[in-house]
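Me: I'm new to reading protein models. Could you take one part of this one and walk me through it slowly?

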Amino acid sequence: MLFTEYRNTFRWLIIVISFVLVSLILWNTYMFFQNFKQDQRIKMETWTFAYKEIAKDLYNVNKTNKLAEFIIIDSTVTAPMLLVDNNNQIRTFRNLDSLKLLNPIYFEKTKSKLEKENSPIEINIENSESTTLYYGNSPLLNKLKYYPSALILIIVLFGTVIFLFYSSNKNASQNKLWSGMAKETAHQIGTPLSSLIGWTEILKTEQVDPNYIAEIEKDVDRLKTITERFSKIGSVPKLEIADIIEETANSFDYLKARSSNLIDFEMRVPDGYISVFLNKELFSWAIENLVKNAIDAMKGRGKLTIEISQLENNIKVSVTDTGKGILKKDFKKIFEPGYTTKKRGWGLGLSLTRRIIEDFHNGKIKVLYSEIDKGTTIQIVLKRA
């Protein structure tokens, strides 16, 4: 109970602690790298000092001892190094390819590379020509150089896994809520609907005007359709082969008859029969949602066009209006639950439509085109049966 109440606080606390720990690890890694680099510098300066002592006097009595010391120091060098005189001639080198160094281009590139990795060390010897020591990073130092990047990559991947896990749980909870609400709505409508059907039968025996009864039956049939829709969206609906032109035209005609005369309705469809796997009730709901949103966008005045086109494997259903348009940054937002620009809207219509098309019919829905104050085209893409 306590965790649930302060869940957001705990979540931010964990994020802050993780950030601090990662920062400390990266800082310690950086300092270790710098210390290791400094140790390598000291080692190269020691090598330089030993080299100077050997080169000072070839006839010194202590030459043998100094040479032995130099050999020991030289054997500990693992970094690539290049000793060059004033004439740009190689005096000696370590951990580099001797054959490649004979190539002047390779030699210059190697020298430039070593100079970028570490500052060269000048060696000045009395009564002798001065030389310059170029050296690079040791193999171990090069490996350590990539450690922080690898650590950051691991952390990013770990964070991505956690985010995807959290998102999937959240989506599963939302889907469960959708299903529960839909089934409960269908159940709640079913009770008064059964009663209305019974009262309609009684009215038929009471010599009521048949026209009144016919209109009531139309509304009862409409309630049956709505109940069926909510019942199916709360579970996995059954798809069957149907003519998409006929099903789209039925929804189109229904809404056209009940909309303002100030709206110019147009439907463009190819000739013939186009078979698609559909759930008729849910597909008609998706078309109705798109048409109603288009009518709202035009504020009851304008032109609304539904066009069906067919490719080799896909069928495209486009709903175009001449309304206020949608900003490009909101193309994806309009399909999110709760997003609406209406004062009294719930932001569920287009979200439901996307669920019907993408989750139940394995199709795609997107804003194909929109321009402010000129209109919008939303397109549904389904596979042919």
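**A close look at Asn 118**

Reply: Let's start with a side-chain pairing, keeping in mind that this is a predicted model. The side chains of Asn 118 and Asn 137 make a polar contact, at 3.2 Å. So where does Asn 118 lie? Look at the loop that runs between α4 (104-117) and β3 (121-123), and you'll find Asn 118 there.

Is Asn 118 buried or exposed? Its relative accessibility is 7%, and because buried means under 20%, Asn 118 counts as buried. Now check what surrounds it. If you leave aside the neighbours within four places in sequence, Asn 118 is in contact with Lys 37, Gln 40, Tyr 135, Gly 136 and Asn 137. Asn 137 is the partner from that polar contact with the Asn 118 side chain.

Asn 95 lies in the loop between β2 (90-94) and α4. Asn 95 has 47% relative accessibility, so it counts as partly exposed. What is the phi of Asn 95 near? The value is near 55°, which is positive in a residue that isn't glycine. That's worth a second look because most residues other than glycine have a negative phi.

For another case, jump to Asn 362, which is not a glycine either and has a positive phi of about 55°. Asn 362 lies in the loop between α10 (349-361) and β10 (364-371). With a relative accessible area of 62%, Asn 362 is exposed, whereas Asn 118, back where we began, counts as buried.

Terms used: Residues numbered from 1 in each chain as written. Predicted model: local features only at pLDDT ≥ 70, side-chain atom pairs only at ≥ 80, totals over all residues. Heavy atoms only, no water. Helix = DSSP H or I, 4+ residues; strand = E, 2+ residues; numbered from the N terminus. Buried < 20%, exposed > 50% of the residue type's maximum accessible area, 1.4 Å probe, protein only. Polar contact = N/O pair within 3.5 Å; in protein donor to acceptor, adjacent residues only side chain to side chain. Contact = heavy atoms within 4.5 Å.
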